[in-house]
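Visitor: I'm new to this one. Can you walk me through it?
Guide: Gladly. Here it is.

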Amino acid sequence: MPQHMKFYEYIYRDSFIHRLDPRVKLVWLFVFSSAVFLTSRPGAITAIFLSCFAVSFLAKLPQRQIWESIKIFVILMPLSYVVLYLFLIGIKWEAVFEALIFSEKFLLLILASIIFTMTTSARDMLLSLVKIKVPYTFAFMLTIAIRFIPLIFKETNNVINAQRARAHEFTFSILHPVTTVKSFIPVIIPVFTLLLKRAYELSLSIDARGFGSQKKITYPDRLNFGVDEIIASLVMTTFLLFVLKLL
Amino acid sequence: MYFKTKELVTMALFGAMIFTLVFVLGAVVLSVTGIPMSAGITNVFITVVVITIGAKIINKFGVATVMTAIAGTLSIPTISFGTPGIYKIITLGLVGLIIDLAISLLKRSNKGFILGGLLGSGLTVPITFAAMILLGLPGVDKMKPFILMFSLIYAVLGAMGAWFGAWLFEKKLKNKAFVKNLQG
């Protein structure tokens, strides 16, 4: 498990981006995803890439953590897509170019979602999903799932380190799948045990707070569409028009 | 509500587990082999193992569909599960539904889980391929001759994953107190 991977983990900072209404950030994520798939021009993709970095700087996010989270993809994705495209299109420069563009698009999607989740707390995300009419139960599960991701990373790393301290040797071989699976059983069982215990405790805690006791769900007045949100929306629209012009 | 709170939380956990394992392990396998499809082959096994354990804990129809839909939603911005973007929810949800139907058809017996793993995983390839054609991804038609071969590999791995998941649950998890609490 990559130790520094911070996928779907909220990092608190006192920044303009953190304070923004999460619905604006959701729209930002959607605009980015659409813009990335609408264009194949290197100029437009570079512009989106730069704007993504600008947002991460504005949000005062730790750049090293972002790099640690995406570096495995920066190395692997272009490589694997080049192999795939050479197979699909044939051994041509065009295939390499297409593969690089495609992998850069996916990298951008990963980067944008990392920035979104690093700047939006689970509670705000749940509220914004409900406000945009996602069914409450699904939004609730999705928010809980997002909160579980860093925990799964952490617990798995802890169990792996604990088993290593007991001199357990891990084998990873595609050619010997049975040996590989057998060597991972001492990790799988404790990880399941720890996480299922956590899930049970969490459900008890949620029930104790009266979850599902009322038919009508009420929300704290947390979301606020003010001047900052209007400015951010204007900037996003201008940027989208700029990117569309570059198409 | 059809699902209790503890069931909702467990399904969320299993959805997150599918996403995390597939996302990280896919990258690890890809880095070892360098072959794009190799990650999918490992992932199909892991996904079915996790789905089987989750569906064994929560004895209700729709568990596999919900877990796969959550995993699909979480992996929208990643390269996992083949199809790009929001289409992952549809393709993965369909696979989950097939598994759910097979499990219900054989009254949640181990044979039902194995059949579910076999059908769900085997059909992943044509479903993903159909989605890729609909999306107009370049060069997809060149993968046509490999669909049957990959479907068979995926189906066998899915059945093995279901068997392993059922074995893991029956032998190592079934009698634990927290599992009984989650089931009760």
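This is a predicted model: local features need pLDDT of at least 70, side-chain atom pairs count only at pLDDT 80 or more; totals for chains, interfaces and linings use all residues.

Visitor: Which domains does the domain assignment give for chain A?
Guide: Domain 1 covers 16-120 + 223-245, and domain 2 covers 133-208. Such bounds come from an automatic or database domain assignment. Residues are numbered from 1 along each chain as its sequence is written, while chains are lettered from A and ligands numbered from 1 in the order in which they are written.

Visitor: What separates the centres of domain 1 and domain 2 of chain A?
Guide: 29 Å, with the centres taken over C-alpha atoms.

Visitor: And what does chain A span along its principal axes?
Guide: The C-alpha trace of chain A spans about 60 × 60 × 30 Å.

Visitor: How many helices and strands are in chain A?
Guide: Chain A has 9 helices and 0 strands. Helices (H or I, at least four residues) and strands (E, at least two) are DSSP runs, numbered from the N terminus.

Visitor: How many for chain B?
Guide: Chain B has 7 helices and 0 strands. Its elements read α-α-α-α-α-α-α from the N terminus on.

Visitor: What share of each chain counts as buried?
Guide: In chain A, 32% of the 247 residues count as buried. In chain B, 57% of the 184 residues do. Buried means that 20 or more other C-beta atoms lie within 10 Å of a residue's own; exposed means 12 or fewer, and partly exposed is in between, with C-beta atoms placed from the backbone.

Visitor: Back to chain A. Which residues of helix α6 are buried?
Guide: Helix α6 of chain A runs over residues 122-131. D124(A), M125(A), L126(A), L127(A), S128(A) and L129(A) are buried there.

Visitor: What do they pack against?
Guide: The buried residues of α6(A) pack against α2 (22-38) and α7 (136-165) of chain A.

Visitor: At what angle do α2(A) and α6(A) pack?
Guide: About 75°, with their axes 9 Å apart. Axes are lines fitted to C-alpha atoms, for helices over the stretch in contact, and angles run from 0 to 180 degrees between N-to-C directions.

Visitor: Why call α2(A) and α6(A) roughly perpendicular?
Guide: Because of the angle of about 75°, α2(A) and α6(A) fall in the roughly perpendicular class, which takes 65 to 115 degrees; under 35 is roughly parallel, over 145 roughly antiparallel and the rest oblique.

Visitor: Which residues make that contact?
Guide: α2(A) brings P22(A), R23(A) and L26(A). α6(A) brings D124(A), M125(A), L127(A), S128(A) and K131(A). Two residues are in contact if their C-beta atoms, placed from the backbone, lie within 7 Å.

Visitor: What comes just after α6(A)?
Guide: K133(A), with a positive phi of about 70°. K133(A) is not a glycine. K133(A) sits in the loop between α6 and α7 of chain A.

Visitor: Why does K133(A) count as exposed?
Guide: Because K133(A) has 8 other C-beta atoms within 10 Å.

Visitor: What about K107(B), where is that?
Guide: K107(B) lies in the loop between α4 (87-105) and α5 (110-135) of chain B. K107(B) takes a positive phi of about 50° and is not a glycine. K107(B) is exposed, with 8 other C-beta atoms within 10 Å.

Visitor: New topic. Which residues touch the most other members of the largest nonpolar core?
Guide: A145(A), M11(B), A12(B), A16(B), M67(B) and I70(B), in a core of 83 residues. Helix α1 (residues 5-33) of chain B gives the most to this core, with 13 residues. A nonpolar core is a set of buried Ala, Val, Leu, Ile, Met, Phe, Trp, Tyr and Cys residues joined through C-beta atoms within 7 Å.

Visitor: What is A16(B) in contact with?
Guide: Leaving aside neighbours within four places in sequence, A16(B) contacts A145(A), F148(A), I149(A), I152(A) and L74(B).

Visitor: Last one. Where in chain B is confidence lowest and highest?
Guide: Lowest in α1(B), at a mean of 83, and highest in helix α6 (residues 147-173) of chain B, at 92. Chain B averages a pLDDT of 85. pLDDT is the predictor's confidence in each residue, from 0 to 100. The model scores ipTM 0.87 and pTM 0.82.
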